[in-house]
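This briefing is an introduction to one protein model, written for a reader who is new to structural description. Please keep the sequence and the three-dimensional view at hand while reading.

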Amino acid sequence: MLDYLIVGSGLAGISFAEIALKNNKSILVVDNMSQVSSRVAGGFYNPVILKRFSEVWNAQEQLILMDEFYDRIEEKLHRKFNYKLPILRKFFSIEEQNNWFAASDKINLAPFLSTKLISKKYSGIDSPYDYGEVLHTGYVDTMLLLDTYRDYLKKNNLILEQSFDWAYIEFLDFGIQYKNIQARNIIFAEGFGLHKNPFFNYLPLDGTKGEMFIIKAPDLDLDVIINTSVFILPLGNDLFKVGATYNWQDKTDLPTEEGKQELIDRIKEIVACDFEIVEHYGGVRPTVKDRRPLIGTHEEFKSLHILNGLGTRGVMLGPAMAKALYDYIEDEIPLTREIDIKRFHKKYLKSLTSDRP
Ligand SMILES: Cc1cc2nc3c(=O)[nH]c(=O)nc-3n(C[C@H](O)[C@H](O)[C@H](O)COP(=O)(O)OP(=O)(O)OC[C@H]3O[C@@H](n4cnc5c(N)ncnc54)[C@H](O)[C@@H]3O)c2cc1C
């Protein structure tokens, strides 16, 4: 009998796969490539929400677990995925500079906001009011990471490339039977695909579409990530990733004209040189109304677990949430109320009176 059948090989699924393998558990992953959020992500991590000048919830702990996770995976797969790069906030006025310094005085933000103004000039960007630097930032090449990890799973016969069909789950005394597979546990890490999962689709997973560009801008010279209303991330060879939009209505992965125009307008606010759009893509972030992950065990079927709701921050949150769920299942270490799906107990009870398995 397998220890874990994992549905989904996005950032959530591979974070759980890794922690299980590290603990010598047996796993099998199922994925049908129906969601692309982790693949198209900007991939950057930043412990500060710059728009509101607040610390990302539990940022310190997440950064530590994230570094451990990506270091281990780089060593195991012999590839580099995690690049430590400064994020610079471009200031548009003296007032914005002042707000930055006021924020950097706050005890929880002080470790992350440098108090030194960065006055370096980058060709292609006018910056009369300089930049502020966020510390402990960088980006993960998520596309390369997921492709490499998938290859690793394939080589070791640890992945089934097919759709998971919940109708085939049968419950045993100490686990489940799925087709010809027996497992102690199933981890559902389906991202926005959760909506089709009849066991957990009572949870309020909202979904926020994001669109991104890869642009070519030979006159733009950057060795840092610039963040304002969009971020610009240097990829080398005059290529830059730029994103992202936020759309709460459209739940498809398709690039749109509206998204394209918005990104072009935003780029022009920052960049003063010509650029060409090389790629344009979209994905749906698995966001939750209360902005906290969805972690836990099904109230009735104790072999079914969920690892979802990583929202806009899968790179930082994935490893920490996978560890929280693993520790909960294996060592009964309680989940904090903020992330535990039990906070939606009333919705679960309500779902019992409607159509469900
Ligand atoms: C445009 C954009 C930019 C972003 N930028 C950033 C960023 O810069 N930094 C950051 O941290 N986060 C970013 N995010 C958010 C980040 O991508 C998400 O938090 C993260 O990808 C969620 O990972 P996940 O594994 O939960 O979901 P997903 O990546 O959606 O993975 C779910 C997986 O489950 C599989 N699946 C679903 N249903 C089934 C089924 N029935 N059978 C088989 N397989 C199934 C899917 O194929 C998919 O592989 C961005 C997202 C978008 C869309």
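The model is predicted, and every value given here was computed from it.

**Surroundings of the ligand**

- There are 36 residues around the ligand, and those that come nearest are D31, S34, S38, F164 and G311.
- The backbone of S34 has a polar atom that is 2.8 Å from an oxygen atom of the ligand.
- For F164, a backbone N or O atom lies 2.8 Å from a nitrogen atom of the ligand.

- The volume of the second largest pocket is about 260 Å³.
- Its lining is made up of 16 residues, of which E61, A320, M321, A324 and I339 are the closest to the pocket centre.
- Two elements, α3 (residues 59-77) and α7 (residues 314-331), each give two or more residues to this lining.
- Helix α7 supplies the largest share, with 5 residues.
- Sorted by class, the lining of this pocket holds 9 nonpolar, 3 polar and 4 charged residues.

**M66, a buried residue of helix α3**

- M66 is located in helix α3, an element that also contributes to the lining of the second largest pocket.
- M66 counts as buried because its relative accessibility is 0%, and the limit for a buried residue is under 20%.
- Although M66 and V315 are 249 residues apart along the chain, their C-alpha atoms are separated by 7.6 Å.
- When residues up to four places away in sequence are left out, M66 touches Y45, N82, V315, M316 and P319.

**T208, a buried residue of strand β14**

- T208 belongs to strand β14, which covers residues 208-216.
- Is T208 buried or exposed? With a relative accessibility of 2%, T208 counts as buried.
- The side chain of T208 is joined to the side chain of W248 by a polar contact of 3.5 Å.
- Apart from neighbours within four places in sequence, the residues in contact with T208 are Y246, N247, W248, G283, V284, R285 and T287.

**Backbone details**

- As background, a negative phi is found in most residues other than glycine, and most peptide bonds are trans.
- Which peptide bond is cis? The bond from G243 to A244 is cis, and its omega is near -5°.
- A244 itself is placed in the loop between β17 (residues 239-243) and α6 (residues 257-270).
- M33 is not a glycine, yet its phi is positive, with a value near 55°.
- The loop that contains M33 runs between β2 (residues 27-30) and α2 (residues 37-40).
- M33 has a relative accessibility of 40%, so M33 counts as partly exposed.
- N237 is another residue other than glycine with a positive phi, near 55°.
- The position of N237 is in the loop between β16 (residues 231-236) and β17.
- At a relative accessibility of 67%, N237 counts as exposed, because exposed means over 50%.

How values were computed: Residues numbered from 1 in each chain as written. Predicted model: local features only at pLDDT ≥ 70, side-chain atom pairs only at ≥ 80, totals over all residues. Heavy atoms only, no water. Helix = DSSP H or I, 4+ residues; strand = E, 2+ residues; numbered from the N terminus. Buried < 20%, exposed > 50% of the residue type's maximum accessible area, 1.4 Å probe, protein only. Polar contact = N/O pair within 3.5 Å; in protein donor to acceptor, adjacent residues only side chain to side chain. Contact = heavy atoms within 4.5 Å. 1 Å grid on protein atoms, 1.4 Å probe; cavity = no way out; pocket = protein on both sides within 12 Å on 5 of 7 lines; lining within 4 Å. Points joined across faces, edges and corners; volume = space filled by probe spheres on them. Nonpolar A, V, L, I, M, F, W, Y, C, P; charged D, E, K, R; others polar. Near = heavy atom within 4 Å.
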